[in-house]
Amino acid sequence: MRTADLRSDTVTRPTEAMRQAMYQADVGDDVFGEDPTVNLLERRAAELVGKEAAVFVPSGTMGNQIAVAVHTSPGHEVICEEHSHVVMYEMGTLARFSGCLARAVPTSHGILDWPAISPRLRPASNHFRGTGLISLENTHNFAGGRVYPMETLRSIRAEALAAEVPVHMDGARVFHAAAALGVSLAEIAATADSLTFCLSKGLGAPVGSLLTGDRHFIEEARLMRKALGGGMRQAGVLAAAGLVALEQSPANIPAAHANAKFLAESLAKVPGISVDPAEVETNIVFFDISGTGLTNAEFTGSLREAGVLALGLAPGRIRIVTHQDVDRDDCERAVEVIAATCAGPAIHR
Ligand code: TLP
């Protein structure tokens, strides 16, 4: 039985072209700056997002946390949305590595705007260190892949510049945001001082993220990467897959978005499930199973037996994510399996 793995877009396997490129990659010691394939990937990434420079890091988490560490100093406050990855899912590293305090802002759909940010903004004083950074997540994972409207980003950018506070963007899935809006990566990236994006989320590469920014910022970021143990030596084998991902995978994103929409629209018709398809803008669908009477473990366990994998991320809240390793047939089967799972307990009640 083919498994439809919808737990995350991190589960994709490298394509044949990536494996070939990895096999043939020209490599050197990247800590000496001598890996030609890593150097090429970093140049290509910087070019794509319209920034001066980029540094290849093992994970999105490291990219984000290096950005926090370089932009801030201990005691600084980081304004971010309350469910953002940088504060909720990065092992407390904001505090552990950078000594920063999260000013986590509640929102209804994960998207911050200046009216939500400005009351939390604090210049340094005798009593507190003040705001060191604004961090925006685009797309916003735990808000269901929501995309920042360009005018919101531009207004945050303009106000933050005036307030002299840097903006970092956790663009783990910024390719998805660009595809949803029909804008270039550079247009989005221009609204932030630094941007992290992931090659291993929805782009199919096995490992790696890029942190991008101006030349001086990236020089500092390289030192911080080394301090965190992220100097990877002959990382060209990984960068080679990343270059293929940048070249070939963005073309697969529209299909992943259409499949997510299809899933949301189909699941909205299943009794016991609550989901608003209008809120699905990219490749992430969250739905509520409270109406089924099943626990997350019962629900995902039943799906797993039928070859469909989903994640329970909060009580009653299930996440499915589409990507290039699942097609429409897999999604149709997932809907059938979910509908059967929801119908099951009603028969026994
Ligand atoms: N997200 C993962 C899990 O950590 C939840 C997933 O399956 O979605 N920023 C955002 C917005 C992310 O969604 C993630 C990973 C990261 C950063 C961290 O990237 P990695 O896992 O490479 O450290």
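## Ligand site, pockets and cavity

Helix α3 (residues 60-71) contributes 3 residues to the shell around the ligand, the most of any element. Helices (H or I, at least four residues) and strands (E, at least two) are DSSP runs, numbered from the N terminus. This is a predicted model: local features need pLDDT of at least 70, side-chain atom pairs count only at pLDDT 80 or more, and totals for chains, interfaces and linings use all residues. Residues are numbered from 1 along each chain as its sequence is written, and side-chain values use heavy atoms, with hydrogens and water left out.

**The ligand**

The shell holds 15 residues, and Ser8, Thr61, Asn141, Asp170 and Arg173 come nearest. A residue is near a molecule if one of its heavy atoms lies within 4 Å of it. By class, the shell has 2 nonpolar, 7 polar and 6 charged residues. Here Ala, Val, Leu, Ile, Met, Phe, Trp, Tyr, Cys and Pro count as nonpolar, Asp, Glu, Lys and Arg as charged, and the others, Gly among them, as polar.

The table gives polar contacts, that is, pairs of N or O atoms within 3.5 Å.

| Side chain | Ligand atom | Distance |
|---|---|---|
| Asp170 | nitrogen | 2.7 Å |
| Lys201 | oxygen | 2.9 Å |
| Arg319 | oxygen | 2.9 Å |

Taken alone, the ligand exposes 510 Å², and the protein buries 81% of that. These areas come from the Shrake-Rupley method with a 1.4 Å probe. The ligand sits in the second largest pocket; to sit there, more than half of its atoms must lie within 2 Å of the pocket's grid points.

**The largest pocket**

Pockets and cavities are found on a 1 Å grid over the protein atoms alone: in a cavity a 1.4 Å probe fits but cannot get out, while a pocket is an open set with protein on both sides within 12 Å along at least five of seven lines, and lining residues have an atom within 4 Å of a point. The largest pocket has about 320 Å³ of space. Its lining counts 22 residues, with Ala143, Gly144, Glu279, Phe286 and Arg317 closest to the centre. Strand β9 (residues 284-288) supplies the largest share of that lining, 5 residues. The lining divides into 8 nonpolar, 8 polar and 6 charged residues.

**The cavity**

The structure holds 1 cavity of 30 Å³ or more. About 40 Å³ of space lies in the largest cavity. A volume is the space filled by probe spheres set on the points. His176, Gly202, Asn252, Ile253, Ala256, Asn283, Thr322, His323 and Gln324 line the largest cavity. That lining has 2 nonpolar, 7 polar and no charged residues.

Methods
A polar contact is a pair of N or O atoms within 3.5 Å; within protein, one must be able to donate a hydrogen and the other to accept it, and residues adjacent in sequence count only if both atoms are side-chain atoms.
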